[in-house]
Amino acid sequence: MASSGVKGDKYRFFLNDEDEKNTTWKFGTTPTYEVVNKLFEEGRIKIWPAGSLEEKVQNLVKAWETEIMHKKEIKDFKTIDTNNYTFSLNGRKALNMQEIGKLGGAYNPHLQTSLPKELRVYDPEEETSVSSHTAFTTTFPRGFALEVFQVYSGPPVIAFKFRHWGYMEGPFKGHAPTGDLIEFYGVCIFEVNEEMKVVKVEFFYDRGELLGALLKGAKMDGSVEEATSSCPVLRSTG
């Protein structure tokens with residue numbers, strides 16, 4: 001795991017590797033994390049000692065999130081055992097890599113729902129990887145930071161509590177930005193193999209806590225939101 005003294009990205013260790021120059025990225029370029037790292041460092045509640053289990057888990061989660069969100073080719077993954085990997089949300093059916101791809105990737109697996117379609121403000125069955133990523137990078141231009149709040153058990157079955165937060169400084173699904181702090185907590189289980197590659201992920205949290213907070217802004221003209229979401233810089237962020 002990378003520590004804060006490593007040159008390059010301080011938390012996503014693989015981004016500093018020379019062979020990442022050959023990686024195929026979903027959005028055409030290597031993601032950059034300077035802005036969200038600043039948000040993370042200024043807004044985190046916990047500061048874990050260097051080399052601690054909590055720091056190692058936190059860095060693993062950040063690296064995993066970067067790969068699952070941004071890497072296009074399975075061969076380029078370093079944190080995930082792609083042959084055996086599964087993801088599940090709130091006890092739903094576990095999805096393998098191919099099923100995640102069919103769902104669209106990005107935030108779609110994290111926002112699965114059984115709500116009737118007419119009640120879905122965000123419908124993962126209709127969103128693509130690009131539209132999903134664009135929606136949230138537009139809403140959170142400084143990024144959507146994540147910290148590990150508490151670790152309950154270490155590898156091979158890592159259980160931890162996490163906090164996700166950002167500031168709604170851009171529109172979301174036709175709702176104007178509020179500038180409010182948007183945050184939620186959840187629990188996650190990472191199962192890793194002997195190489196510390198992730199083979200199983202289980203998330204437990206209330207998606208409505210996130211989406212409900214994003215609907216507080218007034219309804220707005222669609223052309224304004226479209227202009228904001230077309231920013232090429234936002235599309236390359238995490």
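Here is a quick tour of the fold, from the overall layout to the sheet, the helices on it and the cores.

What we have is a predicted model. The protein holds seven helices and five strands. Walk along the sequence and the elements come in the pattern α-α-β-α-α-β-β-β-β-α-α-α. Of the 238 residues in the protein, 49% count as buried. Its accessible surface comes to about 11200 Å², and carbon and sulfur atoms own 52% of that area. If you take contacts between residues at least 6 apart in sequence, 63% of them join residues at least 24 apart.

**The sheet**

Now for the strands. They form an open sheet of five, in the order β1-β5-β4-β3-β2, and the pairing is mixed. At the edges sit β1 and β2, each of which pairs on one side only. Averaged over the sheet and ignoring direction, neighbouring strands are turned by 20° against each other.

Here are the strands with their residue ranges:

| Strand | Residues |
|---|---|
| β1 | 86–89 |
| β2 | 145–153 |
| β3 | 157–167 |
| β4 | 181–192 |
| β5 | 198–204 |

Take a look at the β1 end. In what sense do β1 and β5 pair? They run parallel, joined over four bridges.

Helix α2, residues 53–70, lies across β1, β2, β3, β4 and β5. Against β2, helix α2 runs at about 130°.

**The cores**

The largest nonpolar core has 44 residues, and the ones with the most contacts inside it are W64, Y85, F136, F160 and F190. Which element gives this core its largest share? That would be α2, with six residues.

Setting aside its neighbours within four places in sequence, F190 is in contact with L60, V61 and W64, with P156, V157, I158 and F160, and with V198, K200 and V201. Two of the names in that list, W64 and F160, also belong to the group with the most contacts inside the core.

Conventions
Residues numbered from 1 in each chain as written. Predicted model: local features only at pLDDT ≥ 70, side-chain atom pairs only at ≥ 80, totals over all residues. Heavy atoms only, no water. Pairing = 2+ DSSP bridges. Helix = DSSP H or I, 4+ residues; strand = E, 2+ residues; numbered from the N terminus. Axes fitted to C-alpha atoms, helices over the stretch in contact; angles between N-to-C directions. Contact = heavy atoms within 4.5 Å. Core = buried A, V, L, I, M, F, W, Y, C linked by side-chain atoms within 4.5 Å. Buried < 20%, exposed > 50% of the residue type's maximum accessible area, 1.4 Å probe, protein only. Areas by Shrake-Rupley, 256 points an atom, 1.4 Å probe, with all protein chains shown as cover.
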